[in-house]
There are 2 protein chains.
Amino acid sequence: MNAYLEEIGKRARKSQFEILRLSTDDKNKALVSVADALIAHTDEILNENEKDVKISRDNLVKESLIDRLTLTKGRIKDMAEGLIQISKLPDPINEELDEFSRPNGLSIHKVRVPIGVIGIIYESRPNVTADAFGLCFKASNVSILRGGKDAINSNKAIIEVIRNALSECGISKDSVILIEKTDREIATEFMKMNKYVDLLIPRGGAGLIRSVVENATIPVIETGTGNCHVFVDESADVNMALDIIVNAKTQRMGVCNAIESLIVHKNIAEKIVPLIYDKLSEKSVEIRACEKTISICPDLSLEKATEEDYATEYLGPLISLKIVGDVTEAIEHVNKYTTHHSECIVTENKENAEKFMNEVDAACVYVNASTRFTDGFEFGFGAEIGISTQKLHARGPMGLKELTSYKYKVYGNGQIRG
Amino acid sequence: MNAYLEEIGKRARKSQFEILRLSTDDKNKALVSVADALIAHTDEILNENEKDVKISRDNLVKESLIDRLTLTKGRIKDMAEGLIQISKLPDPINEELDEFSRPNGLSIHKVRVPIGVIGIIYESRPNVTADAFGLCFKASNVSILRGGKDAINSNKAIIEVIRNALSECGISKDSVILIEKTDREIATEFMKMNKYVDLLIPRGGAGLIRSVVENATIPVIETGTGNCHVFVDESADVNMALDIIVNAKTQRMGVCNAIESLIVHKNIAEKIVPLIYDKLSEKSVEIRACEKTISICPDLSLEKATEEDYATEYLGPLISLKIVGDVTEAIEHVNKYTTHHSECIVTENKENAEKFMNEVDAACVYVNASTRFTDGFEFGFGAEIGISTQKLHARGPMGLKELTSYKYKVYGNGQIRG
């Protein structure tokens, strides 16, 4: 193992057991202190961030990425505010999840415990640095952060502030550790540090997530790829369907819970497709449709959707559309192309709603509501580290509880197995 | 992707949605029918098993492995009985885990659902074939089984019986699929079939599990490696400690919840080590001890324990022993060498018991009871697919509930995000 990473791993494992002994009050006070420190050190952080932005501009990085990279006083205040919010959430640790006794007198308690050491791999968004630390720390986990190369000076500055503030609270600095080497080889080695890291959470685009899934030997939670659909059933309330489609597609186009594809029942298609077209055109969204749609609505001059269109998370002003014969065909289409994130049926038919909800294989399945609600805050979790699109451990929005594991504490008085 | 495996993956995904529609009654009746069919086809299965045993003998396979491979009328009856037992367990699917409403009127139901397609990779133990199918099927999962090469004829025969019995119940044969090609390349490719398989569970020795963890891109649950300890605190009841040590070490030596290492408080060592020595000698168990033990008990002529001894899961008549100064040092020693399976403290001191239980990082932590109770049946789960030693998804004994995921069903009446 790379010596630099091994040293980080050892420090993290040591700190894991120190963090475990902190009370809820210790943790909450520390989070508030860190928030105060971020505000107090705004100028230093902005100075370092300016370096990153300058280098990125010199390297002709895309403007949208530079926007994500750029910090302002307001954004640092938001980071601090996020930590304050986390300090107010209930502590998930030590919750008794179950308790049962066995005929031999053993008393078994299933208790919520931290995962231990969590690795977060993310892109050049320095706000994730404070956010990921805060969520992991509140659930008594050590975090090892590996942020994007373009944000390295910002991340170093933020982490320095956090670690010093923790230290002033008498808490191990190594509650959060930044991997300061930003080459790819280090990232790939990091993904194989099973001895020191219990869980990896990648946060970022599809490419980053695929790379982590393919390279990691540490357990990974896949997050955030959303090829989401709305199915308009024949009984749908037309105005409700239009509102949901426009909201789910256009309220914010670049996010994982926005929709990328429409499915329309054949008996409502002639009526609703032109209306959808008008509404989405107002927002400059282009529809790519199946042959049937094109033949029903020749006046719209729609471009034909390819297999690739149905499989694409556009994250922009494009949407695919397919007409189907019934809810069964709609479910089959969804299950063929879904990334298991969020799927919606608009219908007044309860039977079809239940069928869709039961048979569509996704984290969140909606009847008559926008997919944009798949979000830790909207679900009332108070915070979110990501949206899981896999089925192991956590599914859908991941809050503090999803950053925990459990253990069985077994109390005996000399029981042996016969 | 390998065409043979891709065809299997496609059949599994298709069957996943058929299995989802089965009622509890459908599943239970099918399990009983499969059990009956196994009994009815005992002779064919035994014939095929004889071929495997003969080939293994010709290849000079170890006698202990041949014992695991060999089927008898009694063992086939046990397999059938296991399926009957599974048919009597409560169905975990569709359980409502949580229900909450949001201020905007959205009603969110968190519901237990199958994982989908589960891959089981195991060694040449044909009884696992029926057992793994039964547990996965009861939780409405499709299973793809990849058993050891030496058991291929037995596995084919068993699977043929199961699939035909399912078909006679009107249930998709592809509820369980055996990978009949037994070369390593196929196994390695199988571990990367993320598109078609949601979870991999390796069942077998440490080598098999390591290979799956290192090669798989599909999420894996690590099971069954147990470097388990008993710590005898200074306040321990000596007779209780001796009973627990003898039981945990010798009741069955080759299993993952047997102990491999002892830790003894320095203030009780002089008294208890000779007694432990006597008791374990009766069972032909050899102690490898730290220098301090050797200096305290020179008469016992104990061999010195190496670093490797402390790290080894012997699964046989050897045990390591270390004297420590207090419970903190005991916890540090455990956390350095544990495989996170089962750990025990014998003590009359409640504070030390709590400290040990809180700070030892293992699935099951015992006070005053044998580690041998870490088992799905002993925990009252009614069945077990394995003991998870990782912290993601499931920890400790995995029963039917641990073979499930959840989804959020969100009911709205036109809600859109502002």
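Biologist: Is the crossing of H3(B) and H7(B) left-handed or right-handed?

Modeller: That crossing is left-handed. Keep in mind that this is a predicted model.

Biologist: At what angle do H3(B) and H7(B) pack, and how far apart are the axes?

Modeller: The angle is about 165°, and the axes are 7 Å apart. Angles over 145 degrees count as roughly antiparallel, so H3(B) and H7(B) are roughly antiparallel to each other.

Biologist: Which residues meet there?

Modeller: From H3(B), which covers residues 42-58, the residues are B:Ile45, B:Glu48, B:Asn49, B:Lys51, B:Asp52 and B:Ile55. On the H7(B) side they are B:Ile152, B:Asn153, B:Ser154, B:Ala157, B:Ile158 and B:Val161. By class, this contact has 6 nonpolar, 3 polar and 3 charged residues.

Biologist: Staying in helix H7 of chain B, is B:Ile162 buried or exposed?

Modeller: B:Ile162 sits in H7, residues 152-168 of chain B. Its relative accessible area is 0%, so B:Ile162 is buried.

Biologist: What is B:Ile162 in contact with, leaving aside neighbours within four places in sequence?

Modeller: The contacts of B:Ile162 are B:Val34, B:Ala130, B:Phe133 and B:Val176.

Biologist: And how many Å separate the C-alpha atoms of B:Ile162 and B:Ile259?

Modeller: Those C-alpha atoms are separated by 37 Å, with the two residues 97 apart along the chain.

Biologist: Over to chain A. At roughly what angle do the axes of H2 and H6 cross?

Modeller: Helix H2 (residues 24-40) and helix H6 (residues 126-138) of chain A have axes that cross at roughly 165° and come within 10 Å. H2(A) and H6(A) are therefore roughly antiparallel to each other.

Biologist: Is the crossing of H2(A) and H6(A) left-handed or right-handed?

Modeller: The crossing of H2(A) and H6(A) is right-handed.

Biologist: Which residues of H2(A) and H6(A) meet?

Modeller: H2(A) supplies A:Lys27, A:Asn28, A:Ala30, A:Leu31, A:Val34 and A:Leu38. They meet A:Ala130, A:Phe133, A:Gly134, A:Phe137 and A:Lys138 in H6(A). These residues divide into 7 nonpolar, 2 polar and 2 charged.

Biologist: What about H2(A) and H3(A), where do those axes stand?

Modeller: The axes of H2(A) and helix H3 (residues 42-58) of chain A come within 5 Å and cross at roughly 65°. A:Leu38, A:Ile39 and A:Ala40 in H2(A) meet A:Thr42, A:Glu44 and A:Ile45 in H3(A). That contact divides into 4 nonpolar, 1 polar and 1 charged.

Biologist: A:Leu38 again. In the largest nonpolar core, which residues touch the most other members?

Modeller: A:Leu38 and A:Leu200 do, in a core of 124 residues. Helix H7 (residues 152-168) of chain A gives the most to this core, with 8 residues.

Biologist: What does A:Leu38 touch, not counting residues up to four places away in sequence?

Modeller: A:Leu38 touches A:Ile45, A:Ile76, A:Met79, A:Ala80, A:Leu83, A:Ala130, A:Ile158 and A:Val161. There is also a second, separate core of 123 residues, which includes B:Met79, B:Met191, B:Cys228 and B:Ile319.

Biologist: New topic, loops. Is A:Pro90 buried or exposed?

Modeller: A:Pro90 is exposed, at a relative accessible area of 65%. It lies in the loop between helix H5 (73-88) and strand E1 (96-101) of chain A. Not counting residues up to four places away in sequence, A:Pro90 touches A:Lys138 and A:Leu400.

Biologist: And is A:Thr225 buried or exposed?

Modeller: A:Thr225 has 19% relative accessibility. The cut-off for buried is under 20%, so A:Thr225 counts as buried. A:Thr225 is in the loop between helix H9 (206-215) and strand E7 (228-232) of chain A. Beyond residues up to four places away in sequence, A:Thr225 touches A:Ala206, A:Ile209, A:Glu313, A:Thr339, A:His341 and A:Thr389.

Biologist: Back to chain B. What is the phi of B:Asn94?

Modeller: B:Asn94 has a positive phi of about 75°, although it is not a glycine. B:Asn94 is in the loop between helix H5 (73-88) and strand E1 (96-101) of chain B, and at 53% relative accessibility it counts as exposed.

Biologist: What about the phi of B:Ser301?

Modeller: B:Ser301 is not a glycine either, and its phi is positive, about 50°. B:Ser301 is found between helix H12 (291-296) and strand E10 (303-304) of chain B, in the loop. With a relative accessible area of 63%, B:Ser301 is exposed.

Definitions and conventions
Residues are numbered from 1 along each chain as its sequence is written. Chains are lettered from A and ligands numbered from 1 in the order in which they are written. This is a predicted model: local features need pLDDT of at least 70, side-chain atom pairs count only at pLDDT 80 or more; totals for chains, interfaces and linings use all residues. Side-chain values use heavy atoms; hydrogens and water are left out. Axes are lines fitted to C-alpha atoms, for helices over the stretch in contact, and angles run from 0 to 180 degrees between N-to-C directions. Helices (H or I, at least four residues) and strands (E, at least two) are DSSP runs, numbered from the N terminus. Angles under 35 degrees count as roughly parallel, over 145 as roughly antiparallel, 65 to 115 as roughly perpendicular and the rest as oblique. A crossing is left-handed if the near helix is turned anticlockwise from the far one by less than a right angle, and right-handed if clockwise. Contact means heavy atoms within 4.5 Å. Ala, Val, Leu, Ile, Met, Phe, Trp, Tyr, Cys and Pro count as nonpolar, Asp, Glu, Lys and Arg as charged, and the others, Gly among them, as polar. A nonpolar core is a set of buried Ala, Val, Leu, Ile, Met, Phe, Trp, Tyr and Cys residues joined through side-chain atoms within 4.5 Å. Buried means under 20% relative accessible area, exposed over 50%, partly exposed in between (1.4 Å probe, protein chains only).
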